[in-house]
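Please read this briefing alongside the sequence and the model. It is grouped by topic.

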Amino acid sequence: MTTARWRRAVAPLSRDGLLPLTPADRRRTILDIGAHDGLLTLPLARLPGARVIAFEPLPAAFARLRAAVLAEDPPLPVALRAEALGRAAGELTLSVPVLNGVPAEQWASTAKEYGAFDSVSDEDAFRAMHV
């Protein structure tokens, strides 16, 4: 097993940092944090009156999420954010184990570094997913 690491922007989750949501907006806005390729994003966006803000910091997963959202007809009320979400703006490193040459994105972690394993660059990991 190897590890891919990504440095990603972090959007602040705060009253003023994320979006200026009114009380009415808060009742119908759903945050999908770690949206991956849209397994929950798409059905949640189809709920009557719902609006989804989907956060996905991993480049390959975000590309799949974006493609899935754009393929919907009629368009769904989804705002896509290619970043992580945290208490304050900044950057973080996500570690992703790579098993048999394939990044295991579902195990991405800011807490685990999978340090006992070799690492690969984000470009190598992205290419491995698109072979």
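The points below cover the sheet, a helix, the cores, selected residues and backbone geometry.

This is a predicted model, where local features need pLDDT of at least 70, side-chain atom pairs count only at pLDDT 80 or more, and totals for chains, interfaces and linings use all residues. Residues are numbered from 1 along each chain as its sequence is written, and side-chain values use heavy atoms, with hydrogens and water left out. An open sheet of three strands runs in the order β2-β3-β4, with parallel pairing. The largest nonpolar core has 11 residues.

**Sheet**

- Helices (H or I, at least four residues) and strands (E, at least two) are DSSP runs, numbered from the N terminus.
- Two strands pair if DSSP finds at least two bridges between them.
- The three-stranded sheet is open, and its order is β2-β3-β4. β2 (29-33) and β4 (78-81) are the edge strands; each has a single partner strand, so one side of each lacks a neighbour in the sheet.
- From one strand to the next, the twist averages 15°.
- Five bridges join β2 and β3 (residues 51-55) in the parallel sense.
- D32 sits opposite A54 in β3.

**Helix α3**

- Helix α3 (residues 59-70) lies across β3 and β4 and runs at about 160° to β4. Axes here are lines fitted to C-alpha atoms, for helices over the stretch in contact, and angles run from 0 to 180 degrees between N-to-C directions.
- α3 has 12 residues and reaches 16 Å from first C-alpha to last, close to the expected 16 Å. The expected span is 1.5 Å times one less than the number of residues.
- Buried residues in α3 are A60, A61, F62, L65, A68 and V69. Buried means under 20% relative accessible area, exposed over 50%, and partly exposed in between (1.4 Å probe, protein chains only).

**Nonpolar cores**

- A nonpolar core is a set of buried Ala, Val, Leu, Ile, Met, Phe, Trp, Tyr and Cys residues joined through side-chain atoms within 4.5 Å.
- The largest core consists of A35, L42, A45, V52, A54, F62, L65, A68, V69, L76 and V78. The elements giving two or more residues to this core are α2 (41-45), β3 and α3. α3 supplies the largest share, four residues.
- A second, separate core of six residues includes L58, A61, A84 and L94.
- In soluble globular proteins, nonpolar side chains tend to be buried together.

**Contacts of L65 and T41**

- Contact means heavy atoms within 4.5 Å.
- Leaving aside neighbours within four places in sequence, L65 touches A35, H36, D37, G38, T41, A54, E56 and L80.
- T41 belongs to helix α2. With a relative accessible area of 0%, T41 is buried.
- Leaving aside neighbours within four places in sequence, T41 is in contact with D32, A35, V52, A54, L65 and V78.

**Backbone geometry**

- Most residues other than glycine have a negative phi, and most peptide bonds are trans.
- H36 has a positive phi, near 55°, though it is not glycine. H36 lies in the loop between β2 and α2. H36 counts as partly exposed because its relative accessibility is 23%.
- The D73 to P74 peptide bond is cis, with omega near 10°. P74 is in the loop between α3 and β4.

**P97**

- P97 lies in strand β6 (residues 90-99). P97 counts as buried because its relative accessibility is 0%.
- P97 and W107 are 10 residues apart in sequence and 6.9 Å apart in space, C-alpha to C-alpha.
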